[in-house]
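Hi,

Here is the structure I said I would pass on.

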Amino acid sequence: MMYRIVQWTTGNVGKKSIHAIALNPTLQLVGCYAWSPDKVGHDVGELCGIEPLGVTATDDVDGLLALEPDCVVYNPMFADVDELVRILGAGVNVVTTSEFITGHQLGPQRDRIAQACETGGSTIFGSGINPGFIQLFAVVTAGLSDRVDRISIVESFDTTIYNSPATEIPMGFGYPIDHPDLHAITEHGSRIFREAVLLVADALGVELDDIRCEAEYAQTTEDLELPGDWTIATGCVAGIDVRWKGILGGRDVIEIRGVWTKGQSLAPAWSTTFGYTITVEGRPTITSTLSFEPPPDFVGETLDDYIMLGLTITAMPAITAIPAVVAAPPGIATYNDLPLLLPRGVLATN
């Protein structure tokens with residue numbers, strides 16, 4: 001089956017989605033929404049640094065919905081509930097990487113999305129690498145133990161080369177280390193990980209007593225110049241260790257932790273590994289690690305080449321889910337609702 005796809009935005013993750021859609025013989029790009037006016041009227045392939053695709057970016061939402069796509073690949077930096085309601089209410093399915101796993105962080109706005117799914121007979125599914133795929137990986141791993149005491153997921157990266165102050169400042173980067181509201185800023189900025197805890201708990205079939213956020217910080221001891229004309233001043237946050245914990249019976253049974261650092265002048269000095277460590281404590285205890293390397297034929301000429309390669313792992317979990325989401329009953333779907341997601345159309349044939 002060929003799935004008709006509309007791509008929503010061509011930012012960092014959107015570009016990688018376009019690359020994947022263009023390469024996949026089971027997907028047909030029929031339209032693309034341009035958030036920036038200067039992108040309207042341009043070929044989508046050219047906007048994304050590949051060959052022309054014969055599809056022109058537009059800001060005509062009605063025109064895109066009139067194409068009757070099977071699915072919208074929704075990749076803005078932040079989700080717009082009004083947009084999602086409009087798309088879903090028109091009967092178009094959505095896969096998204098825009099801070100949506102279960103939708104619970106949206107509060108009452110989640111009910112609007114659920115109602116739009118019911119009205120349109122459509123489904124929304126959110127993923128990414130973390131939150132998203134890594135939680136699925138942990139859940140599958142837990143199936144090897146006959147007793148699970150605790151599940152821990154740790155993401156650890158030096159993000160110095162990653163140019164995204166719009167998403168990192170809300171986490172707490174760049175604030176004075178003694179800012180009185182620093183913890184509240186980090187808790188709010190990382191609240192999507194609360195949904196990830198809920199996803200794992202649901203997979204285990206438990207209702208948690210509480211979900212808590214804890215955080216520690218490191219400061220830079222010298223001014224830190226970052227890509228995108230962004231500077232973190234001496235004495236400000238350049239390292240964040242945030243832990244979202246699911247509490248049951250007085251102990252944390254689920255922990256999703258992010259350790260993110262910038263630069264080499266941190267106090268205290270943190271050693272940062274690169275990748276993900278998943279530990280299922282139980283009988284037996286199982287530890288798995290995921291790390292990522294360029295393919296043998298990769299030729300990276302610029303910093304952006306390496307960043308874009310890394311963004312593939314954010315875009316692909318949503319792309320892989322498209323067939324299952326199109327076939328799913330209307331509503332908000334998570335990994336716990338969908339069958340095994342198969343990587344169709346990605347095997348290199350030459």
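Is Tyr276 buried or exposed? Tyr276 is buried, at 3% relative accessibility (buried means under 20% relative accessible area, exposed over 50%, partly exposed in between, with a 1.4 Å probe and protein chains only).

Before the rest, some housekeeping. This is a predicted model, where local features need pLDDT of at least 70 and side-chain atom pairs count only at pLDDT 80 or more, while totals for chains, interfaces and linings use all residues. Residues are numbered from 1 along each chain as its sequence is written, and side-chain values use heavy atoms, with hydrogens and water left out.

On the overall fold: the protein chain has 11 helices and 16 strands (DSSP runs numbered from the N terminus, helices being H or I of at least four residues and strands E of at least two). Its radius of gyration is 20 Å, which agrees with the value near 20 Å for a compact globule of 350 residues (taken over C-alpha atoms; the globule rule is 2.2 Å times the number of residues to the power 0.38). The C-alpha trace spans about 55 × 50 × 45 Å along its principal axes, and 48% of the 350 residues count as buried.

Now the rings. There are eight aromatic pairs in the structure (rings of Phe, Tyr and Trp, the last by its six-membered ring, with centres within 6.5 Å; planes under 30 degrees apart are stacked, over 60 edge-to-face, the rest tilted). One of them is Phe125 with Tyr335, edge-to-face at 5.1 Å centre to centre and 85 degrees between the planes. Phe125 is in strand β6 (residues 123-126) and Tyr335 in the segment after β16 (331-333), so this pair ties together parts 210 residues apart in sequence. Both partners are buried: Phe125 has a relative accessible area of 0%, and Tyr335 comes in at 10%.

Back to Tyr276: its ring and that of Phe157 have centres 5.5 Å apart and planes at 70 degrees, so they are edge-to-face too.

Last, helix α4 (residues 81-89). Its buried residues are Val81, Glu83, Leu84, Val85, Ile87 and Leu88. Asp80 caps the N-terminal end, with a side-chain oxygen 2.9 Å from the backbone nitrogen of Asp82. After α4 comes Gly91, with a positive phi near 90 degrees.

Cheers

Conventions
A polar contact is a pair of N or O atoms within 3.5 Å; within protein, one must be able to donate a hydrogen and the other to accept it, and residues adjacent in sequence count only if both atoms are side-chain atoms.
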